Amino acid sequence: MTQTFVDGAPRTAPATRPQLRPLTSGDRAFLHFSRLNPGERLEAGVVLCVDDPTLTVHELRAHVATRLAEAPALTERLSPPTGRSAAGVGWQLDHELSLGYHVNVEELPAGSGQDGLREAMDRIAARPLDLNRPLWRIWLLRGHRPDGVAVVYRFSHIHQDGAALHQALHLLFGLDREPALRNLPTFGAPTRRDYARMASGLVRGIPRTRQLTSWGGPPHGGARHTWATAELDRLRRIARRNSATVNDVYLAAVAGALRTWSRTEWTRYGRPVHAVMPISLRTPAEQEILSNFTFGVRIPLPCAEPDPRRRLARVAAQTRRIKAGGRMGIVERRILDRVPPNASPRMLAQVAASGSRAHEVALVASNAGTMRGPYAIAGRQVCMLIGMPPLFVGRQHLSVALFGLDEHVCAAFTASASVPRHAELADNWLAELAALD
């Protein structure tokens, strides 16, 4: 098919009947949540930092248009709904995609630095994506620093999970044609023991998580973003010394950061704070698909433990137990595959919002993994990546995520505006790394 452009974007002559790609169970869950809860959504993003102040929005749009011509997956949008059910809804190519909507520019106060960037991220997070268009947008942020610019990529969890983010960034900004992800797990057939393990957990029930008075009451207000950056090799070094993983180090530092932030609540042992950690349930054949294939795993954070190394050891023991001999996700994937097309929208919406049940989890702790660069935008190399974790605004106090680009990592914190002193958490996370190192 030949392509033309709308505002510089690819436009392909539509076929007689648009072909639909089916929604995954994860896609449907987040779509139903958005429909049943008007004004609520789950969106995330990343900020790509470029050490060149000359990048213009026209260059950025031309760059994106060129990439979209070879990446039709990024032009997908939801097909029009039929009635109240999403059973007939799928992904179809948008032949009217307009870069005037999808790629924008904002001039920030001159020299406002990280404060100006942070305020812009907060404003962008408050702007919902249009469900009738491809579910992503890009902003060029200029002026906050004299020697560079920032490019924000914002996306919806209806269309992309953490693994899909790797693929989307690779399609937009990657310099090679290799797949964005490698060595994904292969899910075999679940055994009776796997089902028994899950059934046993359901019978026991889910214990309540600790409620922190430091949250300052129920969450309200918009999303507020802070972050801390570190060398990936530093986390690897700590992990090797303690027979742990980089993910364990990240989670232990989150536990320590929360403990420092709410120290008066940990004078004696009590119920732990539980975080939900999304895990990917993709098969190798699904690594390039832009959809949602995640499942949440609840993990206790040992904030009551005063010693940083013992906190790390306890986190590592928990993650080893959850992995259950390397078979984590087998039963969950089978459940995902067997969700019927006519499943209750309310049930699916509740699954999507499971990470916001305050009596079960106190926060979300994601690990988006390290993106495989290098990335470049209109010939300028990306030097750093900052994360914007998703937050159920009005339902969650805190969402944390670990992002990375090549040899650098970013621990990003998104908190409700009502959370007191939330800006301290990122610095506390860095202090925990120092204590472990």
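**View 1. Helices α9 and α12 cross in this predicted model.** The axes of α9 (residues 308-323) and α12 (residues 424-436) come within 9 Å and cross at roughly 95°. Axes are lines fitted to C-alpha atoms over the stretch in contact, with angles from 0 to 180 degrees between N-to-C directions. That makes α9 roughly perpendicular to α12 (65 to 115 degrees). P308, R309, R311 and L312 in α9 meet E432, A435 and L436 in α12 (heavy atoms within 4.5 Å). Four of the contact residues are nonpolar, three are charged and none is polar. Helices (H or I, at least four residues) and strands (E, at least two) are DSSP runs, numbered from the N terminus.

Local features need pLDDT of at least 70, and side-chain atom pairs count only at pLDDT 80 or more, while totals for chains, interfaces and linings use all residues. Residues are numbered from 1 along each chain, and side-chain values use heavy atoms, without hydrogens and water.

**View 2. Three strands form an open antiparallel sheet.** The order is β3-β6-β5. Strands pair if DSSP finds at least two bridges between them. β3 (21-22) and β5 (76-78) stand at the edges with a single partner strand each, so one side of each lacks a neighbour in the sheet. Three bridges join β5 to β6 (residues 90-93). L78 has W91 in β6 as its bridge partner.

**View 3. The peptide bond from G373 to P374 is cis.** Its omega is near 0°. P374 is found in the loop between β13 (363-371) and β14 (376-377).

**View 4. A378 has a positive phi of about 50°.** A378 is not a glycine. This residue is found in the loop between β14 and β15 (380-388). At 25% relative accessibility, A378 is partly exposed (from 20% to 50% relative accessible area, 1.4 Å probe, protein chains only).

Methods
Parallel < 35°, antiparallel > 145°, perpendicular 65-115°, else oblique. Nonpolar A, V, L, I, M, F, W, Y, C, P; charged D, E, K, R; others polar.
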